[in-house]
Amino acid sequence: DGAFSSRAASPVMNRNQVVGAVCLYDQDSDQGALLEELQRNLRLISVVVCLAVLVLFGAFSTFLSRRVRTLLGGIRTVRAGEYTHRISMDGHDELAQLAEEFNQLTGRLQVTEEERRRFVSDASHELKTPLTSISGIAEIMQSGMVKAEDVQGFASDIYQEAQRLIALVEDIIRLSQLDEGA
């Protein structure tokens, strides 16, 4: 009834025999009100702490999600072929370290892509030169203005250029095998 109740009992002994009992009963309304106020305060503090934890959790998860979305966006950009893309992420936590590793990886991808383009350009040029030579010789031979004694020399030139093409293709195959770890 809003009051603090206390009860206590103790036996009365005489020569190890119980001869009676003493019972106490106390009811204090002031202590009851104090305990009810304490319970209300604890409930209020619990609700406030739960709300604060939820707000902090929401803010932290939003912050963390934004950083993860930044990393995913960078990955998608690089996957699309934009190897110059870098991620800027402050801090020293695991996500910042992951962003730094990502930046180093994209740097290596960028260098590899530039080397690949340069290789394709150089290889195309190297392959085009003997093909142009063979094509020119064949055109001269088809023109009908070649003397019979010059045919052997033209055939020799075609053979040398074909050997050069074979050597270039073999070099490309060896490079491919080295890239694959063969």
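Is R15 buried or exposed? The close-ups below, all taken from a predicted model, start there.

**Close-up A. R15 in the loop between β1 and β2.** R15 counts as exposed, because its relative accessibility is 78% and the cut-off for that label is over 50%. You'll find R15 in the loop that links β1 (4-14) to β2 (17-28). Have a look at the backbone too: phi of R15 is positive, near 50 degrees, and R15 is not a glycine. Most residues other than glycine have a negative phi.

**Close-up B. N16, in the loop between β1 and β2.** N16 has a positive phi as well, near 60 degrees, again in a residue other than glycine. With a relative accessible area of 76%, N16 is exposed.

**Close-up C. The largest nonpolar core.** Seven residues make up this one: L71, V78, I87, M89, L95, A99 and F102. Two helices, α1 (29-79) and α2 (94-142), each put in at least two residues. The top contributor is α2, which gives 3 residues to the core.

**Close-up D. V78 and what it touches.** Zoom in on V78, one of the residues of the largest nonpolar core. Which residues does V78 touch, leaving out those up to four places away in sequence? They are Y83, H85, F102, T106 and L109.

Terms used
Residues numbered from 1 in each chain as written. Predicted model: local features only at pLDDT ≥ 70, side-chain atom pairs only at ≥ 80, totals over all residues. Heavy atoms only, no water. Core = buried A, V, L, I, M, F, W, Y, C linked by side-chain atoms within 4.5 Å. Buried < 20%, exposed > 50% of the residue type's maximum accessible area, 1.4 Å probe, protein only. Helix = DSSP H or I, 4+ residues; strand = E, 2+ residues; numbered from the N terminus. Contact = heavy atoms within 4.5 Å.
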